[in-house]
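Work through the exercises below with the model open. Each task is followed by its solution.

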Amino acid sequence: SLSPKSIEINALTPGIYYVRVSQYQGSTNFTLNLSAIPTTVAANNVSNLNGFDSRFGFGLVNAAAAVAKAEGVATFPDVPDLGGDEWGQDLVKAPEVWAQGLTGDGIVIAVIDSGIDYNHPDLTGNIWSNSGENGVDSQGRNKANNGLDDDGNGFVDDFHGWDFVNNDNDPMDDNNHGTHISGLVAAKNDGVGMTGTAPTAKIMPLKILDRGGLGKTRDEINAINYAVANGANIVNLSLGGLELNNDELNAIRAAEAKGVTVISAAGNDARPQADYPARFAAEVGIAVGSIQRNKQFSDFSNRAGTEVIDYFIAPGGDGGRADSGDIYSTVPLSVPGVPYRYFAGTSMAVAYVSGVVALMLQANPNLTPAQIKRILAETANRSDIIV
């Protein structure tokens with residue numbers, strides 16, 4: 001028609017391109033303008049690095065090397081493996097970091113998922129609490145349940161985060177997934193059950209998935225914004241889908257601009273590239289695929305793809321029988337029997353990377369998301385991955 005139109009195409013590879021213009025109907029005078037702007041690659045961008053593989057990206061995260069590099073010291077020495085159900089921590093070399101006294105102190109990880117059983121004995125004490133909803137108000141009532149938005153953040157009594165599914169202040173897990181992820185991130189090192197990668201970090205519970213594990217992108221976006229506004233250092237997104245959503249991308253951009261690292265699951269459908277929002281890691285965030293106990297790339301894991309993105313792998317299991325080949329972690333106390341189970345997926349792999357980033361941030365709180373990604377890429381292990 002007569003109104004101006006524009007078409008923008010991003011991230012083209014170098015080359016010569018042609019635009020063909022033809023008449024659709026009628027006769028309209030027009031002016032056509034073409035422009036091309038070269039991409040500026042920042043110093044910390046992983047596109048500057050060699051070693052990216054279209055299957056497993058930059059490789060297996062190495063906490064010992066990454067945290068040492070973040071601290072500006074030599075790689076931490078090896079320690080004996082924990083073995084048993086803690087094989088995932090051995091693969092990412094978390095015990096080597098714990099031996100240096102680094103366990104995630106002072107770091108807040110928002111787990112945007114199906115909620116968390118904050119009463120689980122392996123998680124109590126490591127659940128984030130909102131200081132603005134703590135203590136008593138002017139009338140002597142407990143701010144955590146006085147029915148008021150004491151801190152003025154738009155959420156009433158959000159002492160332990162928020163449930164965006166039911167729009168209330170109780171992000172209790174009724175699905176299992178969020179509690180399982182939370183244990184891998186920050187279960188206590190108390191000799192019971194299992195230990196998270198950052199066992200003294202704080203978990204911010206943000207529920208966007210319902211009992212069936214389904215959720216809405218708008219709730220995810222609101223949860224990301226909540227996490228950033230309320231002091232999270234890391235956002236754990238053990239979820240994803242096939243639809244590109246610009247609002248989701250902009251939320252992750254805004255989080256990263258505020259210094260918050262967003263880590264997402266590549267997906268479990270053996271596709272040649274990651275799901276969204278992990279696929280946004282070409283620009284923002286981190287994508288995570290899965291590896292098995294024997295360092296074999298998990299058959300179910302979506303791969304990195306041919307475009308260089310911030311893609312890493314971490315333990316996610318083999319996806320066969322729910323046994324020691326998969327990932328052992330916490331589940332809600334409402335589940336019959338011992339409150340631990342074996343799950344598999346890139347969701348679990350994300351949790352390990354969130355924990356490693358927490359260890360890096362304890363070692364060096366000044367790290368930006370771009371620096372974190374660069375260090376992870378420079379220190380990842382890709383020499384003995386089996387594909």
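**Exercise 1.** Which residue in E4 is the bridge partner of Ile109?

*Solution.* The partner is Ile234. Now place the pair: strand E1 (residues 108-113) and strand E4 (residues 234-237) run parallel, over 3 bridges. Strands here are DSSP runs of at least two residues and helices (H or I) of at least four, numbered from the N terminus. Two strands pair if DSSP finds at least two bridges between them.

This model is predicted: local features need pLDDT of at least 70, side-chain atom pairs count only at pLDDT 80 or more, and totals for chains, interfaces and linings use all residues. Residues are numbered from 1 along each chain as its sequence is written, and side-chain values use heavy atoms, without hydrogens and water.

**Exercise 2.** Find the order of the strands in the open sheet, then its edge strands.

*Solution.* The order is E2-E3-E1-E4-E5-E6-E7, 7 strands with parallel pairing. Strand E2 (162-163) and strand E7 (311-315) are the edges, as each pairs on one side only.

**Exercise 3.** Is Ser329 buried or exposed, and what does its side chain reach?

*Solution.* Start with location: Ser329 sits in strand E8 (residues 327-330). Next, accessibility: Ser329 is buried because its relative accessible area is 0%. Buried means under 20%, exposed over 50%, partly exposed in between (1.4 Å probe, protein chains only). Then the side chain: it reaches the backbone oxygen of His180 at 2.7 Å. Finally, contacts (heavy atoms within 4.5 Å): beyond neighbours within four places in sequence, Ser329 touches residues including Thr179, Gly183, Leu184 and Tyr340.

Terms used. Polar contact = N/O pair within 3.5 Å; in protein donor to acceptor, adjacent residues only side chain to side chain.
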